[in-house]
Amino acid sequence: MDKSIKILEKVMDICTYRQKILASNIANADTPNYKAKDINFQEELKKAAESHNVEYKVIEAPTTMPNRDGNTVNIEVEMTKLAETMLMYNGATQLFSTRIRMLKDAIKGGR
């Protein structure tokens with residue numbers, strides 16, 4: 001399989017996983033002592049490119065200060081991260097579709 005397709009698949013997998021984490025953060029915005037979580041996208045992509053490992057290292061998301069109840073979720077930050085991740089996912093799917101279309105055209109002989 002084409003190397004670019006494999007990389008795009010990994011990008012989409014990592015984005016999907018991150019979206020789940022961010023959605024969990026948002027769902028727990030009112031849970032006392034809940035610590036916001038995230039993954040290091042760059043690090044996970046590098047690991048995924050070097051191996052077939054599909055386990056991601058979940059980290060406590062850096063925050064400025066916890067709320068009075070110990071919760072570290074900031075809805076605005078989480079929504080921004082979610083939007084960023086969705087844009088990255090959409091970009092990867094568009095590139096994936098374009099690459100598949102190019103391969104199909106090459107197989108058909110450009111017809």
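Buried means under 20% relative accessible area, exposed over 50%, and partly exposed in between (1.4 Å probe, protein chains only). Helices (H or I, at least four residues) and strands (E, at least two) are DSSP runs numbered from the N terminus.

The model is predicted: local features need pLDDT of at least 70, side-chain atom pairs count only at pLDDT 80 or more, and totals for chains, interfaces and linings use all residues. Residues are numbered from 1 along each chain as its sequence is written, and side-chain values use heavy atoms, with hydrogens and water left out.

**Exercise 1. Find where confidence is lowest and where it is highest in the chain.**

Step 1. pLDDT is the predictor's confidence in each residue, from 0 to 100. The chain has a mean of 90, with 95% of its residues at 70 or more.

Step 2. Helix H2 (residues 41-50) has the lowest confidence, with a mean of 84. Strand S1 (residues 37-39) has the highest, at 96.

**Exercise 2. Trace the salt bridges of Asp38.**

Step 1. The whole structure holds 4 salt bridges. One of them joins Arg18 to Asp38, with the closest N and O atoms 2.8 Å apart. Arg18 belongs to helix H1 and Asp38 to strand S1, 20 residues apart.

Step 2. Asp38 also meets Lys81, at 3.2 Å from N to O. Lys81 is in helix H3, so this pair ties together parts 43 residues apart in sequence.

Step 3. Arg18 and Asp38 are both buried, and Lys81 is buried too.

**Exercise 3. Classify the aromatic pair of the structure.**

Step 1. Rings of Phe, Tyr and Trp (its six-membered ring) pair if their centres lie within 6.5 Å; planes under 30 degrees apart count as stacked, over 60 as edge-to-face and the rest as tilted.

Step 2. The search finds 1 aromatic pair. The ring centres of Tyr17 and Tyr56 are 4.7 Å apart and the planes are at 45°, so the pair is tilted.

Step 3. Tyr17 is in helix H1 and Tyr56 in the loop between H2 and S2, 39 residues apart. Tyr17 is partly exposed at 29%, while Tyr56 is buried at 18%.

**Exercise 4. Describe the backbone and surroundings of Asn33.**

Step 1. Asn33 lies in the loop between helix H1 (3-27) and S1. It counts as exposed, at 53% relative accessibility.

Step 2. Its phi is positive, about 65°, although Asn33 is not a glycine. Most residues other than glycine have a negative phi.

Step 3. Leaving out residues up to four places away in sequence, Asn33 touches Asp69, Gly70 and Asn71.

Definitions and conventions: Contact = heavy atoms within 4.5 Å. Salt bridge = Lys/Arg side-chain N within 4 Å of Asp/Glu carboxyl O.
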